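Let's walk through this model together, one site at a time. Please keep the structure open as you read.

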Amino acid sequence: MTDKSNPRVLVVEDELAIREMLGFTLARAGFEVLEAEDTREATDLIARTRPDVVLLDWMLPGISGIDFARRLRREEVTRELPIIMLTARGEEASKLKGFAVGADDYITKPFSTQELIARIKALLRRSGIEREDEMVVIEGLSLDTAGHRVNIKGKTVKLGPTEFRLLHFFMTHPERVYSRDQLLDQVWGNQVYIEDRTVDVHIRRLRKALAPFDYDQHVQTVRGSGYRFSKQV
Ligand code: CA
């Protein structure tokens with residue numbers, strides 16, 4: 001399982017039986033799987049292997065999953081690392097806490113393997129990490145999902161991960177107006193703690209990145225409705 005086109009999942013779980021079951025299931029579903037039994041091992045693996053997504057158990061010996069998630073969100077290199085928290089049934093309060101510290105999704109044990117795989121894929125898609133070799137080109141602007149690159153007439157446009165996802169969504173859904181709520185659903189997923197204003201912040205950053213190439217006018221504000229990506233300026 002060293003094929004670079006397979007998304008890499010890090011499983012952080014202290015219970016051997018569950019860890020092995022997850023490893024086996026995910027490997028069979030086509031993921032490259034890394035396993036850690038505590039956060040110390042996880043920290044080391046993240047630094048060395050840069051996983052695409054982390055499945056993080058809530059109850060771990062030493063540093064808990066929740067504290068570890070908080071730590072990952074604080075660090076520059078892991079700030080955008082997609083995290084799915086695993087918890088036991090009946091810990092509803094922990095769900096909110098999990099989202100509050102920045103987990104992207106949450107799954108309750110026991111779960112079906114199909115559900116888990118679907119959640120991981122959905123999260124990878126939302127994070128712009130799903131590695132379909134897709135190239136979207138509009139008006140000289142090209143976005144390459146495999147290489148995570150954006151070019152305008154051969155020049156590289158530097159974008160943060162969120163701006164990249166936003167632009168990808170716009171380019172694959174041009175000429176339609178989306179409200180802030182719709183953009184949050186489509187680009188950020190079900191992270192309940194994100195405010196509408198966040199959309200404006202990232203739209204501003206996206207325009208700023210496109211401005212040197214005179215492409216910022218393609219990202220249009222539709223008064224009272226939201227935003228639209230249009231070929232016409
Ligand atoms: Ca555990």
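At 30% relative accessibility, D14 counts as partly exposed, whereas D57, at 2%, counts as buried (buried is under 20% relative accessible area, exposed over 50%, partly exposed in between, with a 1.4 Å probe and protein chains only). This is a predicted model, where local features need pLDDT of at least 70 and side-chain atom pairs 80 or more, while totals for chains, interfaces and linings use all residues. Residues are numbered from 1 along each chain as its sequence is written, and side-chain values use heavy atoms, leaving out hydrogens and water.

Both aspartates belong to the calcium site: the protein donors are D14 (OD), D57 (OD) and M59 (O), lying 2.1 to 2.3 Å from the ion. Donors are N, O and S atoms within 2.8 Å of the metal (3.2 Å for Na, K and Ca); water is not among the atoms, so sites may look incomplete. D14 sits in the loop between β1 (8–12) and α1 (16–28) and D57 in strand β3 (residues 53–57), so the pair ties together parts that are 43 residues apart in sequence. Helices (H or I, at least four residues) and strands (E, at least two) are DSSP runs, numbered from the N terminus.

Now turn to the open sheet of 4 strands, ordered β6-β7-β8-β9 with antiparallel pairing (pairing takes at least two DSSP bridges). β6 (135–138) and β9 (155–156) stand at the edges with a single partner strand each, so one side of each is left without a neighbour in the sheet. Between β7 (residues 141–144) and β8 (residues 149–152) there are 4 bridges, and L143 stands opposite V150 in β8.
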